[in-house]
Amino acid sequence: MLSERLLTKLIKNMTKSHLAMVPTTETHLPQADPARTYMLYLHVPFCQVLCPYCSFNRYPYREEVARPYFKNMRREMLMLKDLGYDFESIYVGGGTPTIMIDELCETLDLARETFSIREVSSETNPNHLIPPYLEKMKGRVQRLSVGVQSFDDTLLKQMDRYKKYGSGAEILERIGEAAPYFDSLNVDMIFNFPSQTEDVLFSDLEKISLCGCQQTTFSPLYISNATTQKMVERLGSMDYDKEYRFYQIIDGVLTGGDDPLFERRTLWTFNRNNELAERERNLMVDEYAVQYDEYPAIGSGAITHLNGTLYVNTFSLDEYSSCIESGRMSVKQKCMMSATDLMRYQFVLNLYNLHLDKKKFQRVFGTTVENGLPMEMAFMRAHRAFATDDEFELTLTPKGRYLTLVMYRQFLSGLNNLRDQARAALSGDERILQFEDGANA
């Protein structure tokens with residue numbers, strides 16, 4: 001699609017010029033705003049297998065490194081308490097947060113003792129959907145998101161996930177066994193792998209309908225400059241020409257027909273239509289950033305968004321430990337967003353959530369969305385992206401949903417490139433672990 005290519009290039013150039021970091025000497029994050037409700041993000045950067053397309057901060061798991069890391073993350077969490085923060089929810093991402101389940105449980109127990117936590121969401125991998133892990137997470141984690149990516153064995157082998165996490169059939173069985181342990185079990189899928197076919201996608205969708213999950217996310221594959229070569233070696237070159245067709249298939253299968261199995265929650269998050277649907281509407285969706293405008297984040301490689309600024313923690317595990325043990329936080333670099341950047345960010349996030357409140361936008365930014373973002377609005381209107389476009393709100397047509405997907409995909413790619421900037425500062429053994437082992441895991 002010409003419009004997709006134009007939009008991809010436009011957002012790519014914008015994120016490249018605006019998402020640029022500068023070093024900072026700040027020793028702590030800013031003080032909390034007592035009028036704001038916060039979520040806390042925790043980053044656990046350890047994996048048994050490093051996926052070739054992943055640009056998050058991650059290292060091969062070693063117990064002697066991971067155990068003190070969790071201890072320091074708990075110390076960092078208490079520093080936020082001293083800065084006046086309280087949290088109603090937690091999202092634990094990675095890496096593989098459940099890689100040391102006892103350490104994760106101790107961390108979550110401390111969080112509940114310290115803050116006003118109502119809900120905990122955590123990511124995991126399929127090999128941890130077994131009773132010893134599930135029993136420990138029950139009651140501690142309300143919402144679990146399991147990274148499946150695909151049930152296709154050929155794709156799993158290309159991603160080096162088959163040997164460690166099991167076949168698609170084994171993963172499907174584990175999901176059904178794990179679902180009753182949680183208020184919500186999300187299955188995280190990826191579409192538009194270079195070697196993925198329509199038949200593989202239809203097969204994945206069929207398994208999602210059968211697996212018993214309450215929610216699924218089908219996000220498009222997005223990469224960074226640092227992961228492109230590794231991904232091409234393993235999976236092949238990206239082909240965005242088929243992305244639109246794949247997205248149409250996903251949306252049509254999950255939400256189409258007279259009695260759809262799922263309802264659309266965001267552009268690529270879908271909730272199952274059953275007796276749990278009403279309760280699920282009150283639970284966090286897989287992308288925590290779409291529910292909280294601002295949030296602090298702890299752990300090596302975590303990215304905080306506060307006061308219009310992105311703060312990036314050091315990607316070095318050694319430096320992270322040194323900072324926390326000396327009584328300071330591990331902020332290494334920051335990216336200050338302009339007023340226009342913040343408007344674009346909210347524009348994309350709101351449309352990702354399928355609805356933009358024009359009056360709220362004007363209250364927050366002091367200008368209308370038309371005056372604040374004339375180029376973006378003109379582009380979307382020219383491509384008939386809005387189903388509703390009046391003085392109160394914007395909603396999306398099917399074409400508009402895809403164009404917004406492209407914008408959000410490119411924004412996430414921009415964040416990945418921002419992570420690449422932070423990762424580039426690594427040296428020695430840590431650089432080898434991230435750059436070489438990730439290619440040979």
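Predicted model: local features only at pLDDT ≥ 70, side-chain atom pairs only at ≥ 80, totals over all residues.
1. Let's start with strand E14, which spans residues 309-313. This strand is mostly covered, with 5 of its 5 residues buried.

2. Which residues sit on each side of E14? Thr309, Tyr311 and Asn313 lie on one side, while Leu310 and Val312 lie on the other. Both faces are covered, and these residues are all buried. As background, side chains in a regular strand alternate between the two faces of the sheet.

3. On to the partners. Strand E13 (residues 303-306) pairs with E14 in the antiparallel sense, over 4 bridges.

4. E13 and E14 have 2 residues between them, and Asn307 takes a positive phi near 55 degrees in the hairpin.

5. E14 is also joined to strand E15 (residues 331-336) by 5 bridges, and these two strands run antiparallel. Here Asn313 has Val331 as its bridge partner in E15.

6. Now for the cysteines: how many disulfides does the structure hold? The count is 0. For Cys213, the closest cysteine sulfur is that of Cys211, 3.5 Å away. A disulfide needs the two sulfur atoms within 2.5 Å, so this distance is too far for a bond.

7. Cys213 is buried, with a relative accessible area of 0%. Cys47 is buried as well, at a relative accessible area of 9%.

Definitions and conventions
Residues numbered from 1 in each chain as written. Heavy atoms only, no water. Buried < 20%, exposed > 50% of the residue type's maximum accessible area, 1.4 Å probe, protein only. Pairing = 2+ DSSP bridges.
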